[in-house]
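Let's take a friendly walk through one protein model.

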Amino acid sequence: MTQPTTNAARAAGLLLAAGGGRRLGGRPKALLPHRGRPLVENAVRVLREGGCGTVYVVLGAAAAEVRARADLAGCVLIDNPDWSEGMGSSLRAGLEAVGKAAAEGGRDGGARAALVSLVDQPGIGAEAVARVLAAHRSGDSLAAASYDGKRGHPVLFGAERWADIAASATGDRGARAYLKAHEAEIALVECGDVAEPYDIDTEADLSRLQ
């Protein structure tokens with residue numbers, strides 16, 4: 001298991017797992033089978049093995065079923081009733097929860113950064129998470145994995161940026177508007193040699209699951 005660095009140990013994992021799988025016939029992505037278990041469990045394991053502290057999981061579609069079927073022990077589960085509005089609502093809900101916990105001291109002293117990942121990217125493993133976490137330097141850190149120079153997930157946000165990111169997160173664009181506006185400030189961390197950033201979006205993509 002990859003051990004967290006001093007800075008990374010104060011970073012929370014924030015997993016966006018609320019999608020309803022519209023192009024997958026309405027099958028919630030969190031519950032897609034992967035290695036005999038719900039896909040959300042794989043994503044949580046990757047964040048933990050990569051060095052994140054507390055893992056926050058934003059649920060939406062079939063949230064009650066995900067809670068019942070997936071082993072998410074030790075995670076902070078956040079229900080997003082507005083999940084159908086798009087990824088932006090899940091990012092806002094997640095950052096609000098991480099920020100509240102940090103203000104109160106949190107389980108592990110309060111996170112100083114949040115590393116955001118998506119439940120439907122099983123090709124991104126713990127090594128990519130660890131590399132991006134290592135770019136955490138301060139409260140205004142902004143870092144992202146890159147694949148052959150193209151920005152992708154996971155993305156790390158220092159705590160000083162959370163409020164502005166949440167305010168800009170609308171529709172299905174997540175933090176894209178904020179990242180575009182602050183592109184020059186992003187520390188890109190090449191991960192193309194250890195991860196593949198494909199999404200599980202369509203029926204054809206299901207062949208990538210194990």
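## Some ground rules

Two strands pair if DSSP finds at least two bridges between them. Helices (H or I, at least four residues) and strands (E, at least two) are DSSP runs, numbered from the N terminus.

This is a predicted model, where local features need pLDDT of at least 70, side-chain atom pairs count only at pLDDT 80 or more, and totals for chains, interfaces and linings use all residues. Residues are numbered from 1 along each chain as its sequence is written, and side-chain values use heavy atoms, leaving out hydrogens and water.

## The sheet

In S9, you will find Val189, the bridge partner of Ala145. Strand S7 (residues 142-147) pairs with S9 in the parallel sense, over four bridges.

Now step back: seven strands make an open sheet with mixed pairing, in the order S5-S4-S1-S6-S8-S7-S9. Its edge strands, S5 (76-79) and S9 (187-190), each pair on one side only.

## A helix on the sheet

Helix H4 (residues 126-133) packs on the sheet and touches S1, S6, S7, S8 and S9. Contact means heavy atoms within 4.5 Å. The direction of H4 makes about 55° with that of S8; axes are lines fitted to C-alpha atoms, for helices over the stretch in contact, and angles run from 0 to 180 degrees between N-to-C directions.
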